[in-house]
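Subject: Structure handover

Hello,

Here is the structure for you to look through. Notes on what was found in it follow below.

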Amino acid sequence: MDSTSKFMEENIVNGGTSNGVENGEQEAPTRQKKIVVVGLGMVAIAFIEKLIKLDSHRREYSIVVIGDEPYVAYNRVGLSSFFEKRNIEELYLNPEEWYASFDASAFNYHLNTRVTEILPDQKLVRTSTGDSVSYDLLVLATGSDAVLPTRTPGYDANGVFVYRTISDLERLIDFASKHKGETGVTIGGGLLGLEAAKAMTDLQEFESVKLIDRNKWVLARQLDGDAGALVTEKIREIGLDVLLQKRVARIDTDDTNNVVGVTFEDGEKLECCCICFAIGVKPRDELGQAAGIECAERGGFIINEALQTSIPKIYAIGECASWENQTFGIIAPGIEMADVLSFNLTNPGKEPRRFNRPDLSTKLKLLGVDVASFGDFFADRDGPKFLPGRRASKPGINGFQKGERFESGPLVKALTYKDPFGAVYKKYLFTLDGKFLLGGMMIGDTKDYIKLNQMVKTQRALEVPPSQFILGAQNGGEENAVDLDDDTQVCSCHNVTKGDIVENVKNGTCKTIGQIKSCTKAGTGCGGCMPLVQSIFNKTMLEMGQEVSNHLCCHIPFSRADLYNIIAVKQLRTFVDVMREVGRNPESLGCELCKPAIASILSSLFNPHLLDKGIHDLQDTNDKFLANIQRNGTFSVVPRVAGGEITADKLIVLGQVAKKYNLYCKITGGQRIDLFGAKKQDLLAIWTELVNAGMESGHAYAKSLRTIKSCVGTTWCRFGIGDSVGMAIRLEERYKSIRSPHKIKAAVSGCVRECAEAQNKDFGLIATENGFNVFVGGNGGAKPRHSELLAKDVPPEQVISLLDRYLIFYIRTADKLQRTARWIENLPGGLDYLREVIIEDKLGICADMERQMEGLVNTYFCEWKETLSNPERRKYFEQFSNTSETVETVEVIKERGQERPTYWPKNSVTEDFKGHQWSDLSWQPMVRAEHFSDGKSHVSSTNVKRGDTQLAIFKVKDKFYATQQMCPHKRAFVLSDGLIGDNDGGNYWVSCPYHKRNFELNGEQAGRCSNDETVNIATFPAEERADGWVYLKLPPVEELDSVLGTEKWKVKKEDSVDPFAKIDKMYKGMRGKKIDIPKAHAYEIPVPSLNGIDW
């Protein structure tokens, strides 16, 4: 049964009669009332979320929502980002899984279905599928439609679009792709028009985009002439042609009704192929007339202060609702309506809330320009709507009646500030005595928006002269939440106050910014409030004694960026130097968190060999052996294949090596070849053959540049307009081996067909006729992010200097293990700030960053080639230090012509190794002490074999410690390769290199796992003696093997679960055959839900 069938079966009224009751008084006490919501936009989903939350205890309501778009609710405020990312899921306000997480009896939804009729007498709605759905309460959230000038000749021509829904955008994208190099036009200079113009520009298909508006300046409804002129000037500076005071007389078409231009009322003509109208919206109230719901003359269902329409049990919210003959085209009033209605429905015993004069303040970044208007921002032009202390002229209406005349002159004074050099304009409106702020507008500098808007709302008398407000916050551009009251609205998109955020942090509901966004919805609309949300979150956590610290770890009281600067300035070249200079305890060993981070910084600055003394013991397991450790203790071998280009001879060598050492072969996602299953002791021989064949390390093990993918571009492709292979190889050869806070992936595409997928990489290039478009800040992984356009049409000779600056700035300022995506998100000002630093040279450091990159590039060496020629480095590559024997720890199975390790066991080993009572212990010599590093500051370790048991021995500050080699979590024999940490109490631990289980090495709890109490390990006394050997106190071999023997704990096929057993049994040999599933076992497979919106 599909989702449509399931929905209708549960909600359709058979025979057209209601299964509900007419009056609430007649209902059974336990019966849920059914609320049907028509529309699935931003306001609708806000109402649904709030109702579910407020009704969580009473469970009085079940909800059915019917949306006419094929998508679940998406962020229409962020609609323009769809042009860049083309991924609707990134706009979803809730993931599709959220909708499926509810019991169908409590919440059900239906997409791609229109409500065609409302029957109030029967409490039914009928849908476009011919079905009927009953309701107890009906909430209309149908939103608005974009306005088309149907009286303008040519309005229905091919090439005319509106800017409203995802479907509108998809049609525009498709059209633009077929009209490259032509002219596109946006008509309308309001908020939506500027967004549409930006979106058409971001398409990068049109040669030029022109914005046409009938007014003297853009944003005429939000800004006065001075402010509008400044915004217009800034928009023109970024390359958008703005034509003002132009009215369209007709749209010119050819014989087949295709747009060829527009003719204005003054007779002037403009050639174009595409027109996008963004001239306003009209409420979708067409259901009202037949149902008898009273509608306003200007459109919209008429509502009262309780959001009720003229018919009982029917409410309207959002853009389709008309309150006092007004409809609202911004999100904030709709969210306020959702708040009021959800509260009133779930709190019958409390004083009902009323929807009063909504706040129409707006703060946005439009085409790179910060714009804000707040309060009564046209009080000087139109007269004040409200004056503090003035008695309301009628209930519910504060201020003056329309048309009321004032004989005594103006009632407000304006304070204005203009900075033509900084492109800043501010106008604040005050009462005549300067005691109250009424409203204002801001261009360029909007940092004080939240604070000033709250002053207007609270109507408090000012304690300082008006002049003190005009220069604004002088806090270096950082948001400051200290002087804001708890009832200050922080997020206007979702009506979230400072108090909402503080409460959710203090009661433990939210412990991260991500949880704040999920719980309160703050920052999920336009996103402009996030700096302030972050400030409130940090301050609240600090007040609770839970400071949001970005310190590296308990040993290093600095962030990674601060530590990088300290090491760079003071030229600290060893871990000992770093710890002595900045560590809380200069004698500390550090831990599994700070050691790899410090090692990465040292490599980013000085590029030492990773296997050198004092550097090797800082490395995590992959870097420690210059190869990625796999789950059976073997390693993978990945030679560099720059740009994905490789010769036949090198392919043959790779095949020969793979056959010789029985390696599993796989093509990676980065266009190179991965050879799996290399034993530690074979790595030297394998790399000897590869290096002799002219290959070098691919650094797949490192937090550094991995690969730069490429399509073939003009090398072979008939569509290519740039040599993507040539550019990719040059870039990969330049940046190979350079260490960074996290791995870096890149790609170069030869044209906009984008075969190399450059727009989801840390940096990516797409060839254009004039050079390359450079994208940054994308990544896949657990939280994918599309990259953003940094610069357009960059000439090939300028690409490297731009990327040099980008990468060095990332290396200098990112947090530990922070990908470029999160780094850019967390920069103050995001991508705009990044442009200011690395393109405009705002900080004056571009030349220095280029010099630093050039210096790093000149230090390059192949780490494997240098290792092979150095006896000291070669000694690390052995399975056991006391025997040349080798042991398999995971059973190998053959599959598709290759061998691979069997799956991991499902459960950990919970045997009490720590508390095991051995029958007898005696000292046994195990390994020469010279095998370990000298010096109190050094830590070293090894793996030894006794009988069938593997043991790990650690030297820490001249003392020895021994444990079993097997980590019980996944039965992996790897503990000797783990990093050692310590605390101020002198306790040491080893961190398993696989999943960071930390096992204590000394003290009363030796063997305990500090972060997983279900597992523990055996420990043994160890000491160095005068004969130069390290001795361990061990039980007899037979007893030791019976508890810890490798064969006993070797992972075998029967220990694991085959994830494909059922599917292989079902479908083996049935390829191409129709499979009949008995009706009793049919599955309900939901249709992928997408999304619809009104705001």
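Strands 13 and 14 make a hairpin, and 5 residues separate them. Asn257 sits in the turn and has a positive phi of about 65°. Please keep in mind that this is a predicted model. The pairing of strand 13 (residues 248-253) with strand 14 (residues 259-264) is antiparallel and comprises 5 bridges. Within this pairing, Val248 has Phe264 in strand 14 as its bridge partner.

Two other residues also have a positive phi. For Glu757, which is not a glycine, phi is near 60°. Glu757 belongs to the loop that links strand 33 (744-749) to strand 34 (763-768). With a relative accessible area of 41%, Glu757 is partly exposed, because the value falls between the limits of 20% for buried and 50% for exposed. Arg971, again a residue other than glycine, has a phi near 55°. Its place is the loop between strand 43 (966-967) and strand 44 (972-973). Is Arg971 buried or exposed? Arg971 is buried, at a relative accessible area of 10%, since buried means under 20%.

Two surface patches remain. The nonpolar patch is formed by Phe1060, Ile1063, Met1066 and Tyr1067, which together have about 410 Å² of accessible area. Phe1060 is located in the loop between helix 30 (1046-1049) and helix 31 (1061-1067). Phe1060 is partly exposed, its relative accessible area being 45%.

The other patch carries positive charge, and Arg214, Arg221, Arg247 and Arg298 gather in it on the surface. Of these, Arg214 is found in the loop between strand 11 (208-213) and helix 7 (225-237). Arg214 counts as exposed because its relative accessible area is 51% and the cut-off for exposed is over 50%.

Regards

Conventions: Residues are numbered from 1 along each chain as its sequence is written. This is a predicted model: local features need pLDDT of at least 70, side-chain atom pairs count only at pLDDT 80 or more; totals for chains, interfaces and linings use all residues. Side-chain values use heavy atoms; hydrogens and water are left out. Two strands pair if DSSP finds at least two bridges between them. Helices (H or I, at least four residues) and strands (E, at least two) are DSSP runs, numbered from the N terminus. Patches are made of residues with over 30% relative accessible area and no salt bridge: like charges are joined within 9 Å, nonpolar side chains (Val, Leu, Ile, Met, Phe, Trp, Tyr) within 5 Å. Accessible areas come from the Shrake-Rupley method with a 1.4 Å probe; for residues, only the protein chains shown count as cover. A salt bridge is a side-chain nitrogen of Lys or Arg within 4 Å of a carboxyl oxygen of Asp or Glu. Buried means under 20% relative accessible area, exposed over 50%, partly exposed in between (1.4 Å probe, protein chains only). Lys and Arg count as positive and Asp and Glu as negative; His and the chain ends are not counted. The place of a charge is taken as NZ of Lys, CZ of Arg, CG of Asp or CD of Glu.
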